[in-house]
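Please look over the sequence and the structure shown below before reading on. The report is meant for a reader who is meeting them for the first time.

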Amino acid sequence: AGSEDRLSVLDPEPVAIVMPVELRDVVDETAVTVESVWGVPAAIVAPAWSGTVTRVLVNPGDAVVSGDVVARVDGVDRVAVATRDPFFRELRRRDVGDDVAMLQQWLAMQGLYAGEIDGVFGSDLVDGVKSWAELLGVRKPNGAFDPAWVVWLPDEPFGVDRVHLVRGEPAPGAGADILAGPVPLESVTILDQEGRRFGPDGLWVLEVNGIEVQVDSGEIDAEGLSALAGVLDPDEPVASARLRRA
């Protein structure tokens, strides 16, 4: 007995199969909410001054640097100065210390002191302080340095978001906030429609109020947080958004 594979002898002619091409947009997108966590804004505080605010020379949106006049109190300019440490005491002839050296360095930068940076309050520094005081509007300067002339900048430039100085009102007390920076956005959590944390793997694009930022497996980098800080509201920690696959 034997068998024969009859299919092996088939040799069909090729037949063309033509199908129409359809263009389809497939978008992996979903509605989400974002929950933002905000930090404490940086602040510039008042020195130990007293008197009436006669003029405010800083506005929201300004970037304050050393040498900028922040305000006038009792007609005397109060100048922003970035030094390693804040000035804390009145300085006069024959005083010594690191704060004297900082004062020497500051006045040297202003072209008002040409002596050595030695931390000793000598006659050259007396003359420099007198000249500076006259520029600030101090009446009858005696060559002594008043730390209330200086608004200390821990860093520069300092971006101003709010100003807590009002012309015609008493100057805020020592240590009170007079300038505040923007509220920093520390983190953003993506939530699904049931309010659960949503962090799918891969690269995604988060759209919030017209701003798009990249999301990598649920994480947003510092650049993305900076962009979102401009459209999210610290007073409204939850906002609607859309998330789509990159």
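## Helix 2 and its surroundings

The model is a predicted one, and the description starts with helix 2, which covers residues 123-136. This helix has 14 residues and reaches 20 Å from its first C-alpha to its last, which is close to the 20 Å expected at 1.5 Å a residue. Buried within helix 2 are Leu125, Val126, Gly128, Val129, Trp132, Ala133 and Leu136. Seen down the helix axis, these buried residues fall within an arc of 165°, and therefore they line one face of helix 2.

On the other side of helix 2, by contrast, Glu134 and Leu135 are exposed. The cover over the buried residues of helix 2 includes strand 6 (76-81), helix 1 (98-109) and strand 7 (150-152). Just after helix 2 comes Gly137, which takes a positive phi of about 100°.

Three strands make up an open sheet in the order 2-10-9, and their pairing is antiparallel. Strand 2 (43-45) and strand 9 (162-163) stand at the edges with a single partner strand each, so one side of each is left without a neighbour in the sheet.

Strand 9 pairs with strand 10, residues 177-180, in the antiparallel sense over two bridges. In this part of the sheet, Arg162 stands opposite Ala180, a residue of strand 10.

Strand 12 (residues 203-208) and strand 13 (residues 211-216) run antiparallel and are joined by six bridges. One of the residues involved is Val205, whose bridge partner in strand 13 is Gln214. Strand 12 and strand 13 form a hairpin with two residues between them, and in the turn Asn209 has a positive phi of about 50°.

Strand 12 also pairs with strand 14, residues 238-245, in the antiparallel sense, here over four bridges. Opposite Trp204 stands Arg245, which belongs to strand 14.

## A cavity

How many cavities of 30 Å³ or more does a search of the whole structure find? The search finds one cavity of that size, and the largest cavity has a volume of about 30 Å³. Rolling a probe the size of a water molecule over the atoms shows where empty space is left.

The lining of the largest cavity is formed by Val188, Thr189, Ile190, Arg197, Phe198, Gly199 and Gly218.

Technical notes. Residues numbered from 1 in each chain as written. Predicted model: local features only at pLDDT ≥ 70, side-chain atom pairs only at ≥ 80, totals over all residues. Heavy atoms only, no water. Expected span 1.5 Å × (residues − 1). Buried < 20%, exposed > 50% of the residue type's maximum accessible area, 1.4 Å probe, protein only. Arc of directions from axis to C-beta. Contact = heavy atoms within 4.5 Å. Pairing = 2+ DSSP bridges. 1 Å grid on protein atoms, 1.4 Å probe; cavity = no way out; pocket = protein on both sides within 12 Å on 5 of 7 lines; lining within 4 Å. Points joined across faces, edges and corners; volume = space filled by probe spheres on them.
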